[in-house]
Amino acid sequence: MSLDPNAAHSTVLHLTDVRKVYRSGDADIIALDHATLSVHHGEIVALLGPSGSGKTTLLSIAGGLLTPTEGSVVVNDHDISTYSAKQLTEFRRTNVGFVFQSVNLVPFLTAEENLLVVDELGGGKGGKAAKQRARDLLAELGLGSRLKNLPAQLSGGERQRVAIGRALFNSPSLVLFDEPTSALDTKIGEQVMELIQTEMKSRNTAAVIVTHDNRMTHYADRTVRIVDGRLETGLLTTG
Amino acid sequence: MNLALTELRRQPGRFVVATVVLSFLATLLLFLGGLLDGLYLGSTGAIRAQNADSIVFSSSARDSFLRSRITPEIRAEVEQVPGVTAVGGLGFALLGAEVPGETDFADVAVAGYELPPRGVPAPPVDGEGYADERLQDFGVGKGDTLLLGPARTPVTVIGFVSDTNYLLQGGLWVNLNTWRTVQNANRPDSNVPDDVVQALVVQGDAPPSTIDAATAGATKTLTRDEAVLALPGVKQQKSTFNQIIYSTLVVVLAVVGLFFSLLTLERTGLYGVLKAIGASSRRLFAGVVVQSVIVSLIAFVIGSLLALVASAALPRSVPLQLTPSRFIFTLAGLVVAAVFGSAISLRRVTRIDPASAIGSAS
């Protein structure tokens with residue numbers, strides 16, 4: 001596929017005419033219908049939509065968790081739409097950060113070790129440099145005194161901050177958030193969103209945040225609505 | 001840091017049930033194996049100890065020492081076979097023995113021999129014998145005169161030998177003349193004429209078929225290992241116990257398979273997240289295998305201790321013998337069963353969709 005050279009230079013994620021169709025018995029279910037979306041470096045995009053609208057499918061395709069039925073997905077100049085499962089595993093590990101809803105952290109690892117998992121999955125041994133990076137990240141996220149705590153000893157907001165640290169550990173250019181505040185109360189949710197905004201902007205990292213909570217959209221640069229698998233763009237918000 | 005090992009260290013409680021069950025199975029495997037070894041070693045020592053390449057029976061004996069008779073003429077024919085370097089007579093008599101100072105009779109296998117078996121000195125003079133150490137359990141000591149069978153035939157113990165028992169009866173090694181005396185005095189129904197023996201111990205590279213051909217079919221020659229397995233009940237014991245042991249290993253495999261399948265099912269959410277952030281199925285499955293092998297190793301150690309305690313607590317009449325090779329076999333069996341058992345989780349791990357991490361609230 002060809003992209004506008006200027007756009008390609010600053011674009012981290014570019015979805016073009018992406019379709020995802022599931023087969024259910026004799027019927028085809030269209031989860032995503034000709035979706036086109038670009039996200040640039042340092043840009044935060046909120047993806048808003050009702051249940052079953054296709055936002056999870058879009059996030060999964062953008063992160064290389066699913067492959068599209070049609071269309072192309074380019075992340076960091078890699079067209080991942082034709083990648084094999086093995087290539088996608090490697091791609092996710094090195095190019096994308098994920099923050100999920102609630103089952104997120106490894107329960108028997110400390111906050112620091114949860115970040116070092118990323119290093120281990122990449123074949124690292126959790127050496128000095130990796131440990132220092134994990135500590136620095138957690139300190140930056142306000143968890144400097146919680147390095148040795150297990151997830152069960154952390155509050156919901158703290159757990160989500162550890163998850164953000166893990167997503168940022170490999171310095172990805174794109175971080176995907178799946179309803180990061182849904183398990184938190186409003187106040188903590190806003191703190192987490194503020195933190196996401198600060199961290200993404202300071203690193204010039206692109207982010208797509210799936211949310212159903214309109215109150216959280218003002219932390220995004222742009223809100224994209226999705227209904228019945230179709231994207232409706234245009235609503236601009238200021239962070 | 002290794003995820004699988006860290007989980008074992010930090011959450012040992014999750015693996016307690018599997019470890020306990022596998023420990024009992026390891027104990028059972030060692031116990032069954034120990035009984036098999038005890039029965040086998042206790043039944044076959046006298047034949048395994050023979051410095052022989054072949055053992056010659058009379059053809060009508062159906063491989064039984066007690067039924068077999070070899071005449072001097074047949075012996076002479078065997079001695080002439082090319083490749084035969086040495087021939088010795090062998091005979092057994094199973095009897096009860098009165099031990100001085102003891103109220104219970106000792107079970108004795110009186111073995112008459114010419115060619116000394118492994119660890120047994122040259123045949124002693126008439127009326128003397130070397131006793132197997134097993135007879136010490138019956139109170140037999142050096143210098144004791146045992147009174148054998150209903151005829152109370154005296155044989156004096158002049159020393160001890162080991163691992164030379166026959167059909168679970170303590171070996172008492174005497175010269176052929178003493179053996180005939182004992183046999184004829186106590187088993188008048190199966191008298192052994194002078195110079196007749198039950199079987200021949202043959203050294204040399206003459207093939208069994210050549211020996212049997214030389215005697216015109218009057219003999220049936222077995223290799224020493226074949227003669228061991230031909231002892232009454234040995235083959236049957238071995239096959240029965242081995243079937244139970246292999247069935248127990250299948251149970252180990254099923255326990256490991258079931259336990260780690262359930263554990264994998266429980267970890268579906270976590271594995272989904274780990275896959276989403278870049279863990280391969282191979283890495284996650286390797287973690288399951290590592291955990292199952294370590295749990296099996298711990299179970300082996302606990303099971304071994306339990307088996308050793310049980311072995312020490314049991315009366316010596318129980319033929320339980322725990323040998324190093326039995327421990328190695330059990331360890332290998334447990335590890336192999338653990339690897340194959342955990343392989344049941346492979347499909348489940350492979351099928352976990354990393355996309356399941358997204359949109360999942362629990």
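**Two chains, one predicted model**

Me: Where is B:R152 found?
Reply: B:R152 is found in the loop between strand 5 (145-148) and strand 6 (153-161) of chain B. Helices (H or I, at least four residues) and strands (E, at least two) are DSSP runs, numbered from the N terminus.

Me: How should I read those labels, and what kind of model is this?
Reply: Residues are numbered from 1 along each chain as its sequence is written, while chains are lettered from A and ligands numbered from 1 in the order in which they are written. This is a predicted model, in which local features need pLDDT of at least 70, side-chain atom pairs count only at pLDDT 80 or more, and totals for chains, interfaces and linings use all residues.

Me: Back to B:R152. Is it buried or exposed?
Reply: B:R152 is exposed, because 12 other C-beta atoms lie within 10 Å. A residue is buried if 20 or more other C-beta atoms lie within 10 Å of its own, exposed if 12 or fewer, and partly exposed in between, with C-beta atoms placed from the backbone.

Me: What is phi of B:R152 near?
Reply: Phi of B:R152 is near 55°, a positive value in a residue other than glycine. B:A216 also has a positive phi, of about 55°, and is not a glycine.

Me: Where does B:A216 lie, and is it buried or exposed?
Reply: B:A216 lies in the loop between helix 5 (208-214) and strand 9 (219-223) of chain B. B:A216 is exposed, because it has 10 other C-beta atoms within 10 Å.

Me: Now B:A355. Buried or exposed?
Reply: B:A355 is buried, because 21 other C-beta atoms lie within 10 Å. B:A355 is found in the segment after helix 10 (324-351) of chain B.

Me: What is B:A355 in contact with, leaving aside its neighbours within four places in sequence?
Reply: B:A355 is in contact with A:S60, A:L65 and A:L66. Two residues are in contact if their C-beta atoms, placed from the backbone, lie within 7 Å.

Me: Those are in chain A. How many residues of chain B are in contact with chain A?
Reply: 22 residues of chain B are in contact with 24 residues of chain A. Helix 1 (3-10) and helix 8 (268-276) of chain B are the elements that give two or more residues to the side of chain B that touches chain A.

Me: What classes of residue are on that side of chain B?
Reply: The side of chain B that touches chain A has 12 nonpolar, 8 polar and 2 charged residues. Ala, Val, Leu, Ile, Met, Phe, Trp, Tyr, Cys and Pro count as nonpolar, Asp, Glu, Lys and Arg as charged, and the others, Gly among them, as polar.

Me: Which domains does the assignment give for chain B?
Reply: It gives domain 1 (3-43 + 235-357) and domain 2 (54-205). These bounds come from an automatic or database domain assignment. The C-alpha centres of domain 1 and domain 2 of chain B lie 45 Å apart, and 5 residues of domain 1 are in contact with 5 residues of domain 2.

Me: Which strands pair with strand 8 of chain B?
Reply: Strand 1 (residues 54-58) of chain B pairs with strand 8 (residues 199-204) of chain B in the antiparallel sense over 3 bridges. Strand 2 (residues 84-98) of chain B is joined to strand 8 of chain B by 6 bridges, also antiparallel. Two strands pair if DSSP finds at least two bridges between them. In strand 8 of chain B, B:V202 is the bridge partner of B:S54, and B:Q203 is that of B:A86.

Me: What about chain A: how many helices and strands?
Reply: Chain A has 7 helices and 10 strands. In chain A, 4 strands form an open sheet in the order 2-1-4-5, with antiparallel pairing. Strand 2 (27-40) and strand 5 (78-79) of chain A stand at the edges, each with a single partner strand, so one side of each is left without a neighbour in the sheet. Strand 4 (residues 70-75) and strand 5 of chain A pair over 2 bridges, and A:V74 has A:D79 as its bridge partner in strand 5.

Me: What is the mean pLDDT of chain A?
Reply: The mean is 86, and 92% of the residues of chain A reach 70 or more. pLDDT is the predictor's confidence in each residue, from 0 to 100. Among the elements of chain A, helix 1 (residues 5-10) has the lowest mean pLDDT (50) and strand 4 the highest (94). Over residues 1-9 of chain A the pLDDT is below 50. Where pLDDT is low, the predicted coordinates should not be read in detail.
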